[in-house]
Structure formats: C-alpha cells, structure tokens
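Hi everyone, thanks for making time. I'd like to walk you through one model today, strand by strand and then core by core. Here it is on the screen.

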Amino acid sequence: MNRKFLLSVGVLFPFFFSVHGVQATTRSDFKYNILLKETEAVDTIQQKFIKQGMQIIDIIPEINLITVSTGKSKEEIKKENNNSIKEIVIDGMMNVKPNVTYLYGESVITTNDMNFWDYQWDMQKSIGTGRKFSHKSTGEATIGVIDSGVTYDNPEVSSNIISVKNFTADLETGLIDNQNILDKTGHGTSVVGQISSNGDYLGIAPGMKVRMYRVFDKGNAQDQWILKAIIQAAKDDVDVINLSLGEYLLKNSTIEDDQTALINIYQRAINYAYSQGSIIVASVGDDGLDLNNQESLKHYLGELKGKDYSHIDGKVMDIPAELDNVVTVGSVNDNDFVSSFSNKGNNIIDIYATGGGSHKLATVGYEQWANDKAFEKEWVIVPTLEGKYTYAYGTSISTPKVSAALGLIIEKYHLKDQPDKVIKLLYDNCWICNDIDGTQIRLLNITNFVQDSVK
C-alpha cells in the first residue's frame with residue numbers, strides 16, 4: 001500500500017505517488033467481480049451468467065473469480081445465483097495519492113559519475129559490516145514486481161528484468177498491450193533498483209532476476225489487474241512477489257461502503273500464490289497511522305471519502321499488508337526509529353527496513369534542510385526515469401529491500417517453494433531494536449544471507 005517529490009531551486013513539487021489509496025467505485029458502471037464458492041465449476045457458472053444476459057469481461061479460474069458487466073444490480077445477481085456466489089463487489093479503481101516523495105534538481109544526483117555507496121546509508125545499515133556489497137545474486141531466485149513498469153534508460157536496473165507483462169487496459173476500449181511495460185511515473189523503476197541494481201549504484205541483491213508486472217499506468221489501477229498479476233506471478237514460479245501498493249478497505253460493516261468481499265478476494269489470490277511457493281511482501285501505507293487505532297483509521301478514511309465514519313461499525317484495514325500469508329513491511333529512518341510517515345502497529349507489521357525520514361526537515365525547516373543537504377542523510381538514493389538518480393522516502397522503498405533479502409535466503413539455503421522456512425530465517429536474523437516510544441521492532445539484517453559481505 002504503496003510515496004514522493006522533487007527538489008528544484010529550493011521548491012518542493014508533488015510528483016510521485018503512493019500506491020496507497022481508497023477504493024473508488026462508480027455504481028453506474030455495473031461491473032462486478034464475483035467470487036464463486038470453491039466447489040463451483042467456473043466454466044459451468046460462466047455459461048449460466050451468459051444465459052442470464054451478463055457479459056463476461058474476465059475470468060481468473062485459479063481463484064474462481066469472474067468479472068461481469070451487466071445492467072443488473074448486485075442484489076439481483078445474488079438472488080439468481082445465491083447457491084454459487086461467495087462474494088460480489090463492484091470492480092473499481094484504486095486511487096493513488098502523492099505520498100512517495102522524490103527530490104530532483106541541480107543540487108541532486110542525476111548521473112552515475114560518483115561513488116554512490118558513500119551516500120547509500122540505507123544499504124549500509126542493512127548489513128552488519130557496513131561495508132560495500134561484494135555479493136551478487138546466484139541467479140536462482142526471482143522477484144516478481146507488481147508495479148508501474150520499468151524504464152529502459154538505466155541498464156543497471158533494466159538489465160535484471162527477465163520478463164514483462166502489462167495488465168493495464170485502455171479504460172474506453174478495454175484493449176491491453178501486453179508488452180507496454182514503460183514506467184511513466186518512476187515508481188516501479190525505483191522499486192527494482194532497491195532489489196537488484198548492479199553497478200555503481202547497488203540494490204540489496206545485485207543482479208537478482210526480476211519479472212515485471214505492470215498494473216499502474218499514470219497512477220490508477222483496477223483491483224482486477226492487481227489480482228491477475230498476483231496469479232500470473234505465482235504461475236510464473238516467482239519466489240517473492242513485491243507489492244509496494246495498497247488501499248484502506250472497510251471490513252464487516254453494515255454500511256454500503258463495506259468492502260469485505262474485496263478483502264476476501266485478495267486473500268484468496270494471496271493464498272493461491274502462497275500455495276504455489278511464492279512469498280508475498282507488501283508495504284503499509286505512508287500516512288503515519290497506527291493500524292491498531294480504529295478511531296484514527298475511521299477518521300482518516302472518512303476524510304478521504306468525505307463522510308463521517310466516526311460511529312460506523314466494522315474495521316478499517318490496510319490491504320493487502322494486513323492479510324494472512326503476507327510479510328508486512330514498514331519504514332525506519334536513519335536513526336532506526338519508525339519513520340514519521342510510516343504506518344505502524346504492534347503485531348501487524350512484521351519487519352521494518354530503511355525507507356528514509358524527515359525529522360531534521362521538521363525540526364529546522366525546508367530552507368536550512370535543503371541548504372545543509374540534510375536530505376543526503378535522511379532520504380534514500382533511488383534510480384528514476386531517464387537513467388537518473390534522486391533522493392526519496394517511503395515504504396515503497398523499504399519493502400523491496402525485504403523482498404530482495406528473502407531472495408538471498410532462498411538462494412543461499414536452497415529453499416525454493418518453502419516460504420515458511422524462508423520467512424522464519426528472515427525474522428530470526430533480524431536486529432531487534434526499540435522504537436522511540438520503547439516498542440520493540442524487527443529491523444532487516446542481511447549479514448548472514450550473503451556469501452561474501454566484505455569487499
């Protein structure tokens with residue numbers, strides 16, 4: 001669930017996006033995702049829907065999901081097919097907002113003519129020696145990145161992409177260009193850079209293979225695209241699926257905005273991927289929320305939707321981060337405290353990794369912060385479009401570090417298709433630290449997962 005800005009002559013510009021948002025539905029679309037009971041035969045129900053006058057838009061047979069277009073209401077569909085349907089929900093767009101923050105400009109790195117490692121404090125903190133990475137991926141593990149695509153203008157990033165597939169469709173024609181993988185935002189490119197960049201700028205697992213699944217075009221995605229990408233990544237036998245994205249959904253509520261059905265659909269997709277041996281890693285949101293505090297979550301979601309949610313029943317969840325069979329990732333700053341922007345939550349977030357922070361910015365103000373180049377110590381260098389590099393922060397940056405670490409574990413200990421063992425090794429080797437309020441948290445530590453950690 002999902003974060004960024006640009007620096008140019010002392011001005012911050014909102015540019016990038018957190019793929020963390022709220023579900024936007026348009027009832028007039030009459031397009032539904034229908035989750036069938038697991039005992040039902042998809043082909044049989046598909047023909048039944050056609051006879052009832054519904055148009056079949058898509059099918060994901062692995063999780064018994066059918067997407068239809070119809071003039072019927074949800075209640076009418078349920079009445080006619082009650083014995084076959086487990087859940088039904090309007091197929092909508094995920095709204096994204098500018099929470100991932102980037103810096104661009106004359107005073108910020110735009111070429112690779114420098115010693116990046118001296119400035120990659122985030123990578124240094126991931127390994128006990130603090131020394132420059134000398135390890136490389138063995139090529140045995142593959143990470144599936146479900147995101148906004150990748151640029152080909154930075155070979156240190158793109159050279160590790162072994163396959164691409166686009167799921168975004170033209171919203172008017174419905175046509176899909178399978179090979180249209182071009183990143184228009186920079187988000188996917190930055191994520192891949194954190195995983196496998198192999199050159200002057202280094203990711204956690206240099207050279208690790210990546211399969212890219214494009215579900216965001218210019219900032220919006222349909223749940224159906226993300227679900228199909230999860231299933232495809234599992235079928236492609238990827239070892240780890242990185243989801244630096246998410247949304248806030250309402251579960252078990254009696255109001256119309258309830259999204260329990262969609263939550264259950266996501267859970268079934270993730271369970272399928274996990275059963276195929278793929279580990280799902282997902283970011284929490286960048287909204288500084290306590291995921292255990294339902295009062296603040298309902299207030300926040302209510303503000304986003306323009307409604308008063310203070311007295312509603314049900315539970316607001318950060319999805320897919322809070323689902324079962326997901327490694328949930330938050331962000332810490334340069335002091336190893338939970339970043340002010342990162343969502344937090346005891347017994348919800350499994351592990352934290354460096355994603356940057358802004359405590360100095362908040363203390364001294366923007367002008368002094370920029371003049372002192374404090375961003376070099378607070379924010380994280382990431383590759384972006386046109387072969388350039390810049391500074392950024394967000395849980396979208398911490399999450400792929402964890403995905404890459406899981407890949408290293410799989411390679412070193414030959415644990416393909418054994419997600420439980422891999423995840424246990426990840427947690428067992430974490431540093432245990434205290435957050436600023438004394439709460440214990442796990443921090444990413446890759447020291448024991450590399451063949452040779454000292455150069």
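Let's begin with strand S10, residues 142-147, which is mostly covered: six of its six residues are buried. Buried here means under 20% relative accessible area, with exposed over 50% and partly exposed in between, using a 1.4 Å probe and protein chains only. Strands, like helices, are DSSP runs numbered from the N terminus: E with at least two residues for strands, H or I with at least four for helices. Before I go on, please keep in mind that this is a predicted model, where local features need pLDDT of at least 70 and side-chain atom pairs count only at pLDDT 80 or more, while totals for chains, interfaces and linings use all residues. Residues are numbered from 1 along each chain as its sequence is written, and side-chain values use heavy atoms, with hydrogens and water left out.

Back to S10. Thr-142, Gly-144 and Ile-146 point one way, Ile-143, Val-145 and Asp-147 point the other way, and all are buried. Which strands does S10 pair with? Strand S12, residues 209-214, runs parallel to S10 and is joined to it by six bridges; two strands pair if DSSP finds at least two bridges between them. Thr-142, for instance, has Lys-209 of S12 as its bridge partner. Strand S14, residues 240-243, also pairs with S10 in the parallel sense, over three bridges, and there Val-145 is partnered by Asn-242.

Now please turn to the antiparallel part. Four strands make an open sheet in the order S5-S6-S4-S7. Strands S5 (55-60) and S7 (85-90) are at the edges with a single partner strand each, so one side of each has no neighbour in the sheet. On average, neighbouring strands in this sheet are turned by 20 degrees against each other, direction ignored. S4, residues 31-36, pairs with S7 over five bridges in the antiparallel sense.

Helix H6, residues 223-235, lies across S4, S5 and strand S6 (65-69), at about 35 degrees to S5. Helix H7, residues 260-275, lies across S4, S6 and S7, at about 115 degrees to S7. Those angles run from 0 to 180 degrees between N-to-C directions, with axes fitted to C-alpha atoms, for helices over the stretch in contact; contact means heavy atoms within 4.5 Å.

The largest nonpolar core has 106 residues, and Val-327 and Leu-426 have the most contacts inside it. H7 gives the most to this core, with 10 residues. By nonpolar core I mean a set of buried Ala, Val, Leu, Ile, Met, Phe, Trp, Tyr and Cys residues joined through side-chain atoms within 4.5 Å. Leaving aside residues up to four places away in sequence, Val-327 touches Ile-279, Val-281, Val-402, Leu-426 and Tyr-427, among others. A second, separate core has 20 residues, including Leu-103, Tyr-201, Phe-341 and Ala-370.

Phe-341 also belongs to an aromatic cluster, together with Tyr-366, Trp-369, Phe-375, Trp-379, Tyr-391 and Tyr-393. The whole structure holds 12 aromatic pairs; rings of Phe, Tyr and Trp (its six-membered ring) pair if their centres lie within 6.5 Å, and planes under 30 degrees apart count as stacked, over 60 as edge-to-face and the rest as tilted.

Tyr-427 has a charge over its ring too: the charged end of Arg-442, 4.1 Å from the ring centre. For this, NZ of Lys or CZ of Arg must be within 6 Å of the ring centre and within 35 degrees of the ring normal.

Last, some backbone details to look at. Ile-319 and Pro-320 are joined by a cis peptide bond, with omega about 10 degrees, and Pro-320 lies in the loop between strands S17 (315-319) and S18 (326-332). Asp-237, in the loop between H6 and S14, has a positive phi near 70 degrees. Asp-417 has a positive phi as well, about 60 degrees, and is partly exposed at 41% relative accessible area.
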